[in-house]
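Please read the following briefing alongside the sequence and the coordinates.

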Amino acid sequence: MRVAVIGATGHIGGYLVPRLVAAGHEVIAISRGQHAPYREHPAWDHVSRVTADRDSEDEAGTFGDRIADLAADAVIDLICFTPESAEQLVDALRGKVQILLHCGTIWVHGPAVEVPVTEDAVRRPFGHYGVGKAAIEQLLLQETRSGGLRTSILHPGHISGPGWAIINPAGNLNPDVWTRLATGQQVTLPNFGLETVHHVHADDVAQSFELALHRQGASVGESFHVVSERALTLRGFAEAVAGWFGQQADLRFVPFEAFRQESKPEDADATLDHISRSPSASIDKARRLLGYQPRYTSLQAAAEAVQWLQSHGGLDLGGRTLTL
Ligand SMILES: NC(=O)c1ccc[n+]([C@@H]2O[C@H](COP(=O)([O-])OP(=O)(O)OC[C@H]3O[C@@H](n4cnc5c(N)ncnc54)[C@H](OP(=O)(O)O)[C@@H]3O)[C@@H](O)[C@H]2O)c1
C-alpha cells in the first residue's frame, strides 16, 4: 500500500515508519521538517518526505486536499487534536482512501468507574486535550457507521522509549525523581501513592497501527486502547525504580495540596494531570481483534527510557548504571 503518515518523525513514527517500510509499503512521511526522527534507521532512505505545517494549512483550509492529492491507499494521522481538523481531513479523504487511522489517547476517559477501563466505557473526559480527542473519536466512528470513510482509532497511554523524557513515579517529568530513587534519597509522593500511570513503549504503539492497517476487517469502525499490559501505581513504580539500583525506596506521602506546595508549578500540574485521571486501561479488545501483543511492560518501557537518558548525559544517577 501507499501509506501517508502525518507527524511521521515523532515518538510513534520513529518506530512505525521502519515497520511500514519493512512490511513492503510505500511510505510518505509528512512533518514540518523541524525535527529529525528520534531514531536513525536505514528505512528513512526509502521514504518520501513531504514538508507541511498542518496548523497553518488547516487554518487556510488546504491541508485535507494536500493529503488527498498524495493519492495514498491509507492515511495514518498521528497529530490531529481538534474535531475541525479531523473533519477537514475526513471530507477530503472520503471515497479516496481505504482507511484513515487516527491517534487518540487514553485521556478520552476521565475518572474510571471500573478498572481496567474498556473501550465501551462511557466517555467522561475533562481538559481541552481529552475532550477534543473524545470529540474526534465520536466524529470518526459516526462517519464510519454512517457508511462514509473507513476509520479506526488507536488510543495510546503515556508513550515511552529511548530518546525523550518520560513520566516518572511522581507522575511528572522532573529528572530529579529518578536521581533520588537511584541514590536512596527520599521522594515525596501525593496521597497514598496508589494513583496510577499507564505507560506504553512507542514501538508497541507502532505495532498497533501496523496491525490496524493490516487487519482492516477487524479495525474499521473501532477504537482500541494501546498500552502496556498493566498500569503502575506511583508507589509501586517508585519502589521498582529504586530496586533497579539496589535501593530500598524511601517514600514520604503527603496530601496533593502539600505536594503542590513543595513542587515546581509545572511538576505539580503534570502530576495532577496524571493522577486526576489515574489511567488503567484494558488491552483485551486490541489483543482479541488485532492480535496486539505488547513487547514491553510499563517498567521495561520506563527502564529503556531511563537508560537512554543516562547514557546520553541527560540524567544523573549518582554514578550508578542501569543495566537491562
Ligand atoms: N506523548 C504521549 O505520551 C501521548 C500519549 C497518548 C497519546 N498521544 C498522542 O500521540 C500523538 C503524537 O504522537 P508522537 O508522540 O509520536 O508525536 P511527537 O513525538 O510529538 O512528534 C510529532 C510529529 O509531528 C510533526 N509535527 C508537529 N507539529 C506539526 C505540524 N504543525 N505540522 C506537521 N507536522 C507536525 C513533528 O515533526 P516536526 O516538528 O518536524 O514538524 C513530528 O513528526 C498525538 O496524537 C497525541 O495526542 C501522545
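The largest nonpolar core holds 85 residues, and V5 and V75 have the most contacts inside it. Helix 7 (residues 202-214) gives this core its largest share, seven residues. Both domain 1 (2-159 + 200-226) and domain 2 (162-198 + 230-279 + 297-311) contribute at least three residues to this core. The model described here is a predicted one.

**Core and overall form**

- V75, one of the two residues with the most contacts inside the largest nonpolar core, touches A4, I6, I67, L93, V97 and L100 when residues up to four places away in sequence are not counted.
- The protein contains 13 helices and 13 strands.
- The radius of gyration is 20 Å, close to the 20 Å that the globule rule gives for 324 residues, so the protein is as compact as a globular protein of that length.
- The C-alpha trace spans about 60 × 45 × 40 Å along its principal axes.
- Of the 324 residues in the protein, 48% are buried.
- Among contacts with a separation of 6 or more, 76% are between residues 24 or more positions apart.

**Two domains**

- The domain assignment divides the protein into domain 1 (2-159 + 200-226) and domain 2 (162-198 + 230-279 + 297-311).
- The contact between them takes eleven residues from domain 1 and nine residues from domain 2.
- On the side of domain 1 that touches domain 2, four residues are nonpolar, six are polar and one is charged.
- A distance of 29 Å separates the C-alpha centres of domain 1 and domain 2.

**Ligand surroundings**

- The ligand is surrounded by 23 residues, of which G7, T9, G10, S31 and R32 are the closest.
- The shell around the ligand consists of eight nonpolar, eleven polar and four charged residues.
- At least two residues of this shell come from each of helix 2 (54-60) and strand 7 (158-160).

**Helix 1**

- Helix 1 (residues 13-22) is mostly covered, with seven of its ten residues buried.
- These buried residues are G13, G14, Y15, L16, V17, P18 and L20.
- The packing partners of the buried residues of helix 1 are strand 1 (2-6), strand 2 (26-31), strand 3 (47-51) and helix 7.
- After helix 1 comes G24, which has a positive phi near 95 degrees.

- Most residues other than glycine have a negative phi, and most peptide bonds are trans.
- V115 and P116 are joined by a cis peptide bond, with omega about -5 degrees. P116 is located in the loop between strand 5 (99-103) and helix 5 (128-145).
- A71 is not a glycine, yet its phi is positive, near 55 degrees. The residue sits in the loop between helix 3 (63-68) and strand 4 (74-77). A71 counts as exposed because it has 11 C-beta neighbours inside 10 Å, and the cut-off for exposed is 12 or fewer.
- S278, also a residue other than glycine, has a positive phi of about 40 degrees. S278 belongs to the loop between helix 11 (265-275) and helix 12 (284-290). With 19 C-beta neighbours inside 10 Å, S278 counts as partly exposed, because a buried residue needs 20 or more.

- I283 is in the loop between helix 11 and helix 12. I283 has 26 C-beta neighbours inside 10 Å and therefore counts as buried.
- Not counting residues up to four places away in sequence, I283 touches H225, V227, E229, Y292 and P294.
- I283 and T118 are 165 residues apart along the chain, and their C-alpha atoms are separated by 7.8 Å.
- Q138 is part of helix 5. Q138 is partly exposed, as 15 other C-beta atoms lie within 10 Å.
- Q138 and P83 are 55 residues apart along the chain, with 9.1 Å between their C-alpha atoms.

Terms used. Residues numbered from 1 in each chain as written. Predicted model: local features only at pLDDT ≥ 70, side-chain atom pairs only at ≥ 80, totals over all residues. Helix = DSSP H or I, 4+ residues; strand = E, 2+ residues; numbered from the N terminus. Rg over C-alpha atoms; globule rule 2.2 N^0.38 Å. Contact = placed C-beta atoms within 7 Å. Near = placed C-beta within 6 Å. Nonpolar A, V, L, I, M, F, W, Y, C, P; charged D, E, K, R; others polar. Core = buried A, V, L, I, M, F, W, Y, C linked by C-beta atoms within 7 Å. Domains from an automatic or database assignment.
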